[in-house]
Amino acid sequence: MFFKRDELKLGYLYFYVHFAVEVVCFFYLTRVTNNSYIVWLIPFIYDGMAFVPQSLIGYLADKYPKLDMGLIGVAFLLIAYLVYMLTSFSIYSSLIILCLGNAFLHVDGAEATLRNSDGKLSPAAIFVSGGSFGVITGKLMASVAIPNSVMLLFIVSMIPFILLANTYHKKESDTKKFNYVSENINSELIVIVAVFIVIVRGYMGYGIPTTWNKTTIQAVTLFFTMGIGKMLGGILSDFFGIRKVAIFSTLLAIPFLCFGDNLMIVSLIGVMFFSMTMAITLGILVSVLKKTPGLAFGLTTIGLFLGTVPIFFIKLNMTINIFVIVIFSIICMLLLRWVLKRGDKHGSNI
């Protein structure tokens, strides 16, 4: 059974931590952007300050494993909310501190679920999926009359989960069993390919045509589907093989994404398939950067930020947007087919 394995326990524990982090962050973002005349600037700063530093923080976590990145992250979040609620400092002061807390907690979850996964993708995929559920929950909570102080309870609630996770987390463990990529391809080239695929996914996460998304229920369903897709990407890869899941999920997503603009069910199927590549690209990077899984995870978040940058400055019409999605999805599929070796799965070990 899943829950009897320590590595999957870590996945479930950090699922909650990731969920709570995004609740706290998106509650904050929703509240402050509602009161800001530059609505786009705060989310842009947040994406940059929360995503980009994770590569450096991940490197530090790899080099100094005794540092408890999770508790450091919790401290940053608490300070950010106290600055936000109790001082007259600029909103950007609390925003930067909040971003650092987010980054430290993300790296902590990635390190724990990768180093103790026995080469499987499921634990990290379960951890990563928690974010989608947290994003929409934080937005919804911010839209109703909930005091800001309630977020302090969410922040403190992460501490027992992190402490319990530390009892399963062997910080000196390595990631030697991540061997998903072809040995005949230059490692630096594989890193570039993986980051490129993440950049495409980052863009598509915002660029998917979803004019059907008009109600709260529809928004909740969209984010829940993203979360389920991220989770399934790792679990199905462990059962059926990462290469098969990568190729088929990327290809199958295309028609559903392109023709689901006004059809919720069709679009959601595409979103689920598209979201599956999250754990797969992480597995590719860790296969190359075995000694530095924190850095590998940080590279994926840099890719996500680079993918979101065009959304803030460029608005494509529907036809061009669909064309971009189709072309880049096919390119990503071909790249995945090229770098991933055949026959890697861990279904018998789960």
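Modeller: Ala, Val, Leu, Ile, Met, Phe, Trp, Tyr, Cys and Pro count here as nonpolar, Asp, Glu, Lys and Arg as charged, and the others, Gly among them, as polar. The model is predicted: local features need pLDDT of at least 70, side-chain atom pairs count only at pLDDT 80 or more, and totals for chains, interfaces and linings use all residues. Residues are numbered from 1 along each chain as its sequence is written, and side-chain values use heavy atoms, with hydrogens and water left out.

Biologist: How many helices and strands does the protein have?

Modeller: Helices (H or I, at least four residues) and strands (E, at least two) are DSSP runs, numbered from the N terminus. The elements run α-α-α-α-α-α-α-α-α-α-α-α-α-α from that end. The count is 14 helices and 0 strands.

Biologist: What is the radius of gyration of the protein?

Modeller: The radius is taken over C-alpha atoms, and the globule rule is 2.2 Å times the number of residues to the power 0.38. For 350 residues that rule gives 20 Å, and the protein comes close to this, so it is as compact as a globular protein of that length, with a radius of gyration of 19 Å.

Biologist: What share of the residues is buried?

Modeller: Buried means under 20% relative accessible area, exposed over 50%, and partly exposed in between (1.4 Å probe, protein chains only). The C-alpha atoms fill a box of roughly 55 × 50 × 35 Å along the principal axes. Of the 350 residues, the buried share is 56%.

Biologist: Which element gives the largest share of the lining of the largest pocket?

Modeller: On a 1 Å grid over the protein atoms alone, a pocket is an open set of points with protein on both sides within 12 Å along at least five of seven lines, a cavity is a set where a 1.4 Å probe fits but cannot get out, and lining residues have an atom within 4 Å of a point. The largest pocket holds about 1,200 Å³, where a volume is the space filled by probe spheres set on grid points joined across faces, edges and corners. Of its 39 lining residues, the closest to the centre are Phe26, Val135, Lys139, Tyr206 and Phe223. The lining divides into 20 nonpolar, 14 polar and 5 charged residues, and the largest share, 7 residues, comes from α13.

Biologist: Which elements give two or more residues to the lining of the second largest pocket?

Modeller: This pocket has a volume of about 340 Å³. Among its 15 lining residues, Tyr206, Gly207, Lys315, Leu316 and Asn321 are closest to the centre. Two or more residues each come from α8 and α14.

Biologist: How much space lies in the largest cavity?

Modeller: The search of the whole structure finds 3 cavities of 30 Å³ or more. The lining of the largest has 9 nonpolar, 3 polar and 1 charged residues, and its largest share, 4 residues, comes from α8. The space in the largest cavity is about 130 Å³.

Biologist: Is aspartate 118 buried or partly exposed?

Modeller: Aspartate 118 lies in the loop between α5 (91-115) and α6 (122-142), and has a positive phi of about 60° although it is not a glycine. Its side chain meets that of lysine 120 in a salt bridge (3.7 Å, N to O). Lysine 120 is buried at 1% relative accessible area, whereas aspartate 118, at 29%, is partly exposed.

Biologist: How far apart in space are alanine 279 and leucine 121?

Modeller: Alanine 279 sits in helix α12 (residues 277-288) and is buried, with a relative accessible area of 4%. Not counting residues up to four places away in sequence, alanine 279 touches (heavy atoms within 4.5 Å) Leu121, Ala125, Gly233 and Gly234. Alanine 279 and leucine 121 are 158 residues apart in sequence, and their C-alpha to C-alpha distance is 6.4 Å.

Notes. Salt bridge = Lys/Arg side-chain N within 4 Å of Asp/Glu carboxyl O.
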